[in-house]
Amino acid sequence: MNYNILSYLIYLPVIAFIMLKVGWLFYKNGEVFLISLLHNNLPLVKNVNNLLLIGYYLVNLGYAILTISNWETVSSITEMINTLAHVIGKIMLILALLHYNNIFWLKYLTKTKILN
């Protein structure tokens with residue numbers, strides 16, 4: 001049995017769910033954070049939030065494409081579970097780091113009056 005195809009069939013819906021659901025949650029909940037951070041400047045909030053969402057989708061899509069293109073041959077069910085856990089866990093950690101990095105820089109830029 002070809003475990004690579006089964007791995008792809010599991011990986012693609014999971015990464016699509018992560019990309020769409022988490023991106024939408026960041027978009028909706030981040031708008032409240034941005035409104036308070038940017039002092040109710042709604043046009044700027046909308047533009048910054050849209051840019052963050054587009055960047056999030058592009059990073060996720062790029063990671064998914066690179067992961068599939070560099071996927072090693074999987075020869076057992078144990079190896080498949082290990083590979084899936086590794087690649088999905090890695091993107092979740094990367095996205096968490098990017099999220100906190102965005103929060104830090106937005107807070108820093110508004111504190112120094114660069115973004116206001």
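**Helix packing and surface features of the predicted model**

Val 59, Ile 94 and Leu 98 form a nonpolar patch on the surface. The structure described here is a predicted model.

The packing of the helices is considered next. Two packed helices are described by the angle between their axes and the distance between the axes. Helix 1 spans residues 3–37, and helix 2 spans residues 42–69. These two helices pack at an angle of about 165 degrees. Their axes are 10 Å apart. Helix 1 is therefore roughly antiparallel to helix 2, because angles over 145 degrees count as roughly antiparallel. The crossing in which helix 1 passes helix 2 is right-handed.

Helix 2 also meets helix 3. The axes of helix 2 and helix 3 cross at roughly 155 degrees and come within 11 Å. Helix 2 and helix 3 are therefore roughly antiparallel to each other. Helix 2 passes helix 3 in a right-handed crossing.

The remaining pair is helix 1 and helix 3. Their axes come within 11 Å and cross at roughly 15 degrees. Angles under 35 degrees count as roughly parallel, so helix 1 and helix 3 are roughly parallel to each other. Here too the crossing is right-handed, with helix 1 passing helix 3.

Leu 61 lies in helix 2. With a relative accessible area of 44%, Leu 61 is partly exposed. Along the chain, Leu 61 and Met 19 are 42 residues apart. Their C-alpha atoms are separated by 8.1 Å. Leu 93 is found in helix 3. Its relative accessibility is 59%, so Leu 93 counts as exposed, because the cut-off for exposed residues is over 50%. Leu 93 and Ala 16 are 77 residues apart along the chain, and 16 Å separates their C-alpha atoms.

The loop between helix 2 and helix 3 contains Val 74. Val 74 has a relative accessible area of 4% and is buried. Residues under 20% relative accessible area count as buried. Val 74 and Asn 2 stand 72 residues apart along the chain. The C-alpha atoms of Val 74 and Asn 2 are separated by 7.8 Å.

The loop between helix 1 and helix 2 has its own backbone features. Most residues other than glycine have a negative phi. His 39 is found in this loop. Although His 39 is not a glycine, its phi is positive, at about 55 degrees. His 39 has a relative accessibility of 56% and therefore counts as exposed. Asn 40 also has its place in the loop between helix 1 and helix 2. Asn 40 is not a glycine, yet it has a positive phi of about 60 degrees. The relative accessible area of Asn 40 is 58%, and Asn 40 is exposed.

Terms used: Residues numbered from 1 in each chain as written. Predicted model: local features only at pLDDT ≥ 70, side-chain atom pairs only at ≥ 80, totals over all residues. Heavy atoms only, no water. Patch = residues over 30% accessible without salt bridge, like charges linked within 9 Å, V, L, I, M, F, W, Y side chains within 5 Å. Areas by Shrake-Rupley, 256 points an atom, 1.4 Å probe, with all protein chains shown as cover. Salt bridge = Lys/Arg side-chain N within 4 Å of Asp/Glu carboxyl O. Axes fitted to C-alpha atoms, helices over the stretch in contact; angles between N-to-C directions. Helix = DSSP H or I, 4+ residues; strand = E, 2+ residues; numbered from the N terminus. Parallel < 35°, antiparallel > 145°, perpendicular 65-115°, else oblique. Left-handed = near helix turned anticlockwise from the far one by under 90°. Buried < 20%, exposed > 50% of the residue type's maximum accessible area, 1.4 Å probe, protein only.
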